[in-house]
Amino acid sequence: MKHIQTLNTQILQNTVKKGGCGECQTSCQSACKTSCTVGNQTCEHQK
Amino acid sequence: MIHRYYNNGYYIVLDVNSGAVHVVDELAYEVIGLYEEHQPEEIVSRLRGRWPEGEIREVLDDVETLKSQGTLFTEDTYKDRVIDFKKRSTVVKALCLHIAHDCNLACRYCFAEEGEYHGRRALMSYEVGKQALDFLIANSGNRRNLEVDFFGGEPLMNWQVVKDLVAYGREQEKIHDKNFRFTLTTNGILLNDEVQDFLNKEMSNVVLSIDGRKEVNDKMRPFRNGHGSYDLIVPKFQKLAESRDQNNYYVRGTFTRNNLDFSEDVLHLADLGFKQISVEPVVAAPEEPYALREEDVPFICEQYDKLAAEMVRRHGTDKDFNFFHFMIDLTGGPCVYKRLSGCGSGTEYLAVTPWGDLYPCHQFVGNEKFLMGNVFDGVTNTELRDEFKCCNVYAKEKCRNCFAKFYCSGGCAANSYNFHGSITDAYDVGCELEKKRVECAIMIKAATAGAPAAKDVVTGAPASEEAARE
């Protein structure tokens, strides 16, 4: 597309079927401890 | 639901429910903005004076294509179908062990009140810590990866117990087929070679507390005698970061009203050679002189913009660094369940006091209303646990129409409680800053992915052929 460039290779709907295993890191354990930041966590299956 | 914004020369459209990010030119930006409220022919007649009709129709076709692919104007299909929050069973998979309610610094903003958490000074005994690990294993169901953060106060003030608990965890993980991921948060005062070697062998992450520039750090992070800590900790942190190959650690600072120009502190840490940096807004009662105020938000947002633009400039050079709050993964990242279900406090994540009491997270420790049980008897206040279970983006009115809801997952329950007296509200200043960070993080992805900027940020002149037709 000339006017639109999509950056993602993955969309959220696709994670519904296989997601939810709960093995990923708890967000507050990563660095923050005062502010919730979930979008930057890594999926355990993509490591 | 979409979110359109302009940042650092880029026109960006975020499709909220799919998480798709589109970098667009000015024409597509306008068409997408009009699309939901206007018929295609109306859009053509509105924009015909500024762009060729053929181009407008081309964009309209593109929009239709993206819509059919589920990456634009996507409906929220998760709310009713994906998770029944009340019924979902939760297991405990992460503990924040308050290994020492004592500290060798007297940081002015400390939510733990110089380590004491509104209570008495205390060190966790090996027996209590051991019981905490047993409690975690017993309540973790079939989760294999279990996280334990050694937190304080200052955990190095109880170092032998940290080492003994790691040894116990390593022994138990084999027996129960678990994988312990230990982390430690330290102010660095007691860091030495022996500690460093142990951390590098056993800790999957270490968080090193430092606020940035010497005068900023020393103002808020003094010793009890008033002297600053910067000169003592910087060389130790630099050595530790190098010994970990600049990975699996964060130098982590707090910015307050005293250093609203915190982008300078982030860059200072980067210029000291640190590659993994997190500098975060203070959470403080509004009456504190260092607390952030609503009127500070525009300036803080400018700081995020400034920092993001500088990170784009440094990308691919030896001065490149990672800023925790600008991390975003567009090739995958967390699944929708993770994004919807909040931070896990009070359910899968609990804090343990030195004497074994359980709280929903470290921020609630010391507030008796939030006592959940203890490591010997387990979670006895199941009513409170169920309240936290339902704390998610759909339970929060303010989150419902927010474009950032899948990135912050509804924000911090403790912040919400501190400002509004309820865990299902949201801390408004925090929300504004989170939204800005998400915008910046996406812009950095666009810039570093080589997407063409629509405008030159210095001159404001159109940078692309399409924009030049304006």
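Residues are numbered from 1 along each chain as its sequence is written, while chains are lettered from A and ligands numbered from 1 in the order in which they are written. Because the model is predicted, local features need pLDDT of at least 70 and side-chain atom pairs count only at pLDDT 80 or more, whereas totals for chains, interfaces and linings use all residues; side-chain values use heavy atoms, with hydrogens and water left out.

**Chain A**

Select chain A, which has one helix and one strand. Helices (H or I, at least four residues) and strands (E, at least two) are DSSP runs, numbered from the N terminus. Of the 47 residues in chain A, 60% are buried, where buried means under 20% relative accessible area, exposed over 50% and partly exposed in between (1.4 Å probe, protein chains only). The accessible surface of chain A is about 2,100 Å², and carbon and sulfur atoms account for 51% of that surface. Such areas come from the Shrake-Rupley method with a 1.4 Å probe; for residues, only the protein chains shown count as cover.

**Helices α2 and α3 of chain B**

Move to chain B and select residues 40–47, helix α2(B), together with residues 53–68, which form α3. The axes of α2(B) and α3(B) come within 10 Å and cross at roughly 145°. Axes are lines fitted to C-alpha atoms, for helices over the stretch in contact, and angles run from 0 to 180 degrees between N-to-C directions. On the α2(B) side, the contact (heavy atoms within 4.5 Å) is made by B:P40, B:E41, B:I43, B:V44 and B:L47, and on the α3(B) side by B:E53, B:I56, B:R57 and B:L60.

Next, select B:F73, in the loop between α3 and α4 (78–81) of chain B. B:F73 is not a glycine, yet has a positive phi of about 50°. With a relative accessibility of 8%, B:F73 counts as buried.

**Helices α5 and α6 of chain B**

Select residues 126–138 for α5(B) and 159–176 for α6(B); these helices pack at an angle of about 30°, with axes 10 Å apart.

In the loop between β7 (145–151) and α6 of chain B, select B:G153; the peptide bond from B:G152 to B:G153 is cis, with omega near 10°. Then select B:D177, in the loop between α6 and β8 (179–186) of chain B. B:D177 has a positive phi of about 55° although it is not a glycine.

**Helices α10 and α11 of chain B**

Select residues 263–271, α10(B), and 297–314, α11(B), whose axes lie 9 Å apart at an angle of about 30°. α10(B) and α11(B) are therefore roughly parallel. Including B:S263, B:V266 and B:L267, residues of α10(B) meet residues of α11(B), including B:Q303, B:L307 and B:R314.

**Last stop: B:G450**

Where is B:G450? Look in the loop between α17 (428–448) and α18 (465–468) of chain B. B:G450 is exposed, at 56% relative accessible area. To finish, display the C-alpha atoms of B:G450 and B:C391, which are 59 residues apart along the chain and separated by 39 Å.

Conventions
Parallel < 35°, antiparallel > 145°, perpendicular 65-115°, else oblique.
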